[in-house]
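Dear colleague,

Please find below the structure that I am handing over to you. My findings follow directly after it.

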Protein chains: 2
Amino acid sequence: MLGVDPGLTRCGVGVVDGAPGKPLTLVHVGVIRTSPDDDIGIRLAALERGLEEILDAFRPEAVAVERVFAQHNVRTVMGTAQAGAVAILCGARRGLPVALHTPSEAKAAVTGNGRADKAQVTMMVTRLLRLETVPKPADAADALALAICHVWRGGAQARLAAARAAVPAPRILRKGVGQ
Amino acid sequence: MLGVDPGLTRCGVGVVDGAPGKPLTLVHVGVIRTSPDDDIGIRLAALERGLEEILDAFRPEAVAVERVFAQHNVRTVMGTAQAGAVAILCGARRGLPVALHTPSEAKAAVTGNGRADKAQVTMMVTRLLRLETVPKPADAADALALAICHVWRGGAQARLAAARAAVPAPRILRKGVGQ
C-alpha cells in the first residue's frame with residue numbers, strides 16, 4: 001500500500017505492507033522534493049518521475065492519496081491539488097485502485113482521534129509499524145498514516161475501485177479534429 | 001500553440017498557428033470529456049490520453065493553460081486544478097514551454113477587455129482566425145483565446161521558459177529508500 005501526502009515542495013510517500021488484522025510492516029518512507037524556483041511544469045514532471053520510481057521499486061497494490069480541501073492559503077491548496085492530481089494519475093494509469101482519504105480519516109485510523117496532533121500521529125505510526133525510532137523524515141509520517149488507514153479501511157473500497165476500473169474505457173469525445 | 005481550458009467534465013483544447021504580427025490559423029479545436037460517473041483517477045488518465053493524442057497529432061511548440069483561481073465552488077475548482085495539472089504535466093514532460101494565463105488576460109488579448117463576455121470572446125476568436133462560422137464546440141473558444149493570447153504575449157515568456165527548461169534536471173531528494 002502506497003500512501004501519498006501530496007505537496008509540491010515536499011510530497012510525503014510511505015509504503016506499508018499489511019492486511020486488516022495482521023501486523024503492519026514499513027517498506028519505505030521518503031519525501032519527494034521539488035524546488036520552488038522551478039516552473040510548475042518542471043516541478044510536476046519531477047514529482048511524476050519520483051512517484052514512478054517508487055511505484056516501480058515497490059509495486060504497491062493500491063494507492064491512497066490525501067484528499068485536498070480548500071484551506072486558508074489558496075496558493076498552497078492549488079499546489080497540493082496539482083501534486084495530488086499527479087499522484088492519482090500515476091496510480092490510475094497503472095490500473096491500481098486509488099483511494100482518497102481526508103487527513104482526519106487518516107488520523108482517526110491510527111490514533112482513534114480525527115483531530116490528533118502531529119506528535120500523536122507520528123507516535124502511533126511508529127508503534128503500529130513496530131519501529132525502534134520515529135520514521136524519518138518525520139514529516140512523511142502522514143503518508144504512512146494514510147497507507148495504514150487504507151490498509152485497515154480500504155478492503156471494501158479497493159474491491160469497489162477494482163470493479164470500477166474493469167469497466168470499459170471512459171469515453172473521449174472530441175469534435176472537429178483536423179478542422 | 002496549444003491552448004487548454006482545463007476541466008474534468010469538459011476540457012477545451014485549441015491549436016492555433018501564428019506569430020506576433022502575422023495572421024492566425026485554426027489548426028484544431030475540440031473538447032476532451034470524461035464522465036462524472038467515473039473515479040477521479042480514471043478521469044485524469046483519460047484526460048491525459050486525450051491530451052497526448054492532441055500533442056502527438058499537432059506537435060505544438062508551446063502550451064498555454066488557463067490559470068486556476070479559487071472560486072465560489074470549491075468542488076469545481078479542485079477538478080479544474082487537477083485537470084490543469086495534467087495539462088501542465090503533459091506539456092512539460094515533452095520539454096515544451098508551458099505558460100499560464102488568467103481568463104482575463106486571454107479575454108483582454110482577443111477583445112481588448114478583460115471582462116468581456118463569452119459571446120464577445122467567441123466573436124473575436126472567429127474573426128481573428130478568419131473563420132466563416134463560430135468555432136465548434138462553442139465552449140472551446142476559451143481554449144482558442146488562450147492560444148491566441150499566448151501567441152501574441154508569449155514570445156518573451158516562451159524564450160524564458162525554454163531557457164529555464166535547459167537548466168539541469170530538478171533535484172529529487174529522497175531519504176530512507178528501502179528502509
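Chain A exposes about 8,200 Å² in this predicted model, and carbon and sulfur atoms supply 53% of that area. Of the 179 residues in chain A, 51% are buried. Among the contacts in chain A with a separation of 6 or more, 64% are between residues 24 or more positions apart.

The secondary structure of chain A consists of five helices and five strands. Along the sequence they follow the pattern β-β-β-α-β-α-β-α-α-α.

The sheet of chain A

The five strands form an open sheet in the order β3-β2-β1-β4-β5 (chain A), and the pairing is mixed. At the edges are β3 (25-33) and β5 (98-101) of chain A, each of which pairs on one side only. From one strand to the next, the twist averages 20°. Strand β1 (residues 2-5) of chain A is joined to strand β2 (residues 10-17) of chain A by four bridges, in the antiparallel sense. Within this pairing, Leu2(A) has Val15(A) of β2(A) as its bridge partner. Helix α1 (residues 40-58) of chain A lies across β1, β2, β3 and β4 (63-66) of chain A. The helix runs at about 165° to β3(A).

Strand β4 of chain B

Strand β1 (residues 2-5) of chain B pairs with β4(B) in the parallel sense over three bridges, and Val4(B) stands opposite Val65(B) in β4(B). Strand β5 (residues 98-101) of chain B also runs parallel to β4(B), with four bridges between them. There, Ala64(B) has Ala99(B) in β5(B) as its bridge partner.

In a regular strand, side chains alternate between the two faces of the sheet. For strand β4 (residues 63-66) of chain B, both faces are covered. Val63(B) and Val65(B) are buried on one side, and Ala64(B) and Glu66(B) are buried on the other.

A helix pair in chain B

Two packed helices are described by the angle between their axes and the distance between the axes. Helix α3 (residues 103-111) of chain B packs against helix α4 (residues 118-128) of chain B at an angle of about 50°, and their axes are 9 Å apart. The two helices, α3(B) and α4(B), are therefore oblique to each other. Their crossing is left-handed. On the side of α3(B), the contact is made by Lys107(B), Val110(B) and Thr111(B); on the side of α4(B), it is made by Gln120(B), Val121(B), Met124(B) and Leu128(B).

Backbone details

In chain A, the cis bond joins Lys136(A) and Pro137(A), with omega at about -5°. Pro137(A) is in the loop between α4 (118-128) and α5 (141-165) of chain A. In chain B, the peptide bond from Lys136(B) to Pro137(B) is cis, with omega near -5°, and Pro137(B) is found in the loop between α4 and α5 (141-165) of chain B.

Arg59(A) is not a glycine, although its phi is positive, about 45°. Arg59(A) is found in the loop between α1 and β4 of chain A, and it is exposed, with a relative accessible area of 58%. Arg59(B) likewise has a positive phi, near 45°. Arg59(B) is found in the loop between α1 (40-58) and β4 of chain B. With a relative accessible area of 58%, Arg59(B) is exposed.

Yours sincerely

Key:
Residues are numbered from 1 along each chain as its sequence is written. Chains are lettered from A and ligands numbered from 1 in the order in which they are written. This is a predicted model: local features need pLDDT of at least 70, side-chain atom pairs count only at pLDDT 80 or more; totals for chains, interfaces and linings use all residues. Side-chain values use heavy atoms; hydrogens and water are left out. Two strands pair if DSSP finds at least two bridges between them. Axes are lines fitted to C-alpha atoms, for helices over the stretch in contact, and angles run from 0 to 180 degrees between N-to-C directions. Contact means heavy atoms within 4.5 Å. Buried means under 20% relative accessible area, exposed over 50%, partly exposed in between (1.4 Å probe, protein chains only). Accessible areas come from the Shrake-Rupley method with a 1.4 Å probe; for residues, only the protein chains shown count as cover. Angles under 35 degrees count as roughly parallel, over 145 as roughly antiparallel, 65 to 115 as roughly perpendicular and the rest as oblique. A crossing is left-handed if the near helix is turned anticlockwise from the far one by less than a right angle, and right-handed if clockwise.
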